[in-house]
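Welcome! Take a moment to look at the model below, and then we will walk through two parts of it together.

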Amino acid sequence: MAVNKIFPGAAAALAGVIKDGMTLMAGGFGLCGIPSALIEAVKQSGAKNLTFISNNAGIDDAGLGVLLQTRQIRKMISSYVGENATFMRQYLAGELEIEFNPQGTLAERIRAGGAGIPAFYTATGYGTAIAEGKPVAEFDGRMYVQERGLVADIALVHAWKADPEGNLVYRKTARNFNPMMASASKMTIAEVEHLVPMGELDGDHIVTPGIFVKRIVLLDHVDKRIEQRTVRKREAA
Amino acid sequence: MAWTQDQMAARAARELQDGFYVNLGIGIPTLVANHIPAGIDVQLHSENGMLGIGPFPFEGDEDADLINAGKQTVTALPTTSFMDSAASFAMVRGGHIDISILGALQVAENGDLANWMIPGKMVKGMGGAMDLVAGVGRVVVLMEHTAGGKPKLLHRCTLPLTGKAVVSLVVTELGVFAIRPGGVVLVDMAPGVTIAELREKTEADFTVDEALKQAA
């Protein structure tokens, strides 16, 4: 009898695992592919002093912006937070700590963390403020900065489809940081739009193997927001 | 007369070659997609995990799961592939992207670039800019020539750097400057702009390309 990974809801999936002061990862780029229901459940849990590793900080009333409004986040590790006024206010008031990482460095730190690689070298950021205090080394005539792998106590990810084993498939650009984050925690919780029977996902198409996923929550409704709606006119027939 | 933003974008688009994989930054650089010369076929890379960006969707066809790095809704093409952020930046860091066209706050005459932070004022983050300028061999900057009347092409950047000695070419509304190992060379000017005007509005030292001297 296999372990049951399927939980009845986001709150149930977080119950007993989330604690004050923890480090969490949340997938997504902007509002695309973010684990909204799990973020809402973190809000309901009331856990405080959290560190969040996430590319962005959401907007004021969506994504991680929800947890900034309730002041549950103490520190963010992100590459870009430009769309969130709450963030800016708390940061400039000294209430929130931010560690900016170049986006590719952030992605690779998470990938490395999940793969058991404690550190790696990248040319990104050499000679800039983000290299300060970090070891540097020359390889083949070029200078590189040492960056550390990242892991989290809990990783929150959003996927398109899952099977009961926790194999995950993503949809279009909603994939982004989710697969690396799924690998970078021993408590990865996936909220999914569709839960399909075992065998229905083609093994060749699975992006995140179930070994990386501890808990699965099937969303009862999916509310996706668009940050920048850009369209073109249809030519008149 | 100064170039318009579209003319700047068209000038930058002349740097593209057939078969190039191209990353366009947010703002004026995005306009480059509208000016790709005839006969040149390129694939646009979006660092959020998409290679092969199509045009904006028709009204009603917007898909929240299909956006570019500016978080704008886009469409896929027959060539499109989707990948996670680590694979997307492997393309960047690994030198697989041929050209990166992006905006700047300041550029120095040695190719240093500042475009991510104004201390005490702008704390948005660098996004993928530091990875792009470090990983892509040819970096083209599209920017206004001055900000509040002050030159942006400088001896040395005064703002925090995005990358050291990374810029290859700077296109402004007034002219085009190549940043070479020997220094900055003015290689093109908007119609009606004079070298004297450019000297006045540029802090960086520059020489003038021989062909341009003859034409002027």
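## Reading the model

Two strands pair if DSSP finds at least two bridges between them. Helices (H or I, at least four residues) and strands (E, at least two) are DSSP runs, numbered from the N terminus.

This is a predicted model, where local features need pLDDT of at least 70 and side-chain atom pairs count only at pLDDT 80 or more, while totals for chains, interfaces and linings use all residues. Residues are numbered from 1 along each chain as its sequence is written.

## A three-stranded sheet

In chain A, 3 strands make an open, antiparallel sheet, in the order S6-S8-S7. Strands S6 (119-122) and S7 (136-139) of chain A are at the edges with a single partner strand each, so one side of each has no neighbour in the sheet. From one strand to the next, the twist averages 40°, with angles running from 0 to 180 degrees between N-to-C directions of axes, which are lines fitted to C-alpha atoms, for helices over the stretch in contact.

S6(A) and S8(A) (residues 142-148) run antiparallel and are joined by 4 bridges. Phe120(A) has Glu147(A) in S8(A) as its bridge partner. Helix H5(A) (residues 103-114) packs on the sheet and touches S6(A) and S8(A) (contact means heavy atoms within 4.5 Å). The direction of H5(A) makes about 155° with that of S6(A).

## Helix H2

Which residues of helix H2 (residues 36-45) of chain A are buried? They are Leu38(A), Ile39(A), Ala41(A) and Val42(A), where buried means under 20% relative accessible area, exposed over 50%, and partly exposed in between (1.4 Å probe, protein chains only).

Among the elements covering the buried residues of H2(A) are helix H1 (10-14) and strand S9 (154-162) of chain A. After H2(A) comes Gly46(A), with a positive phi near 75°.

Technical notes: Chains are lettered from A and ligands numbered from 1 in the order in which they are written. Side-chain values use heavy atoms; hydrogens and water are left out.
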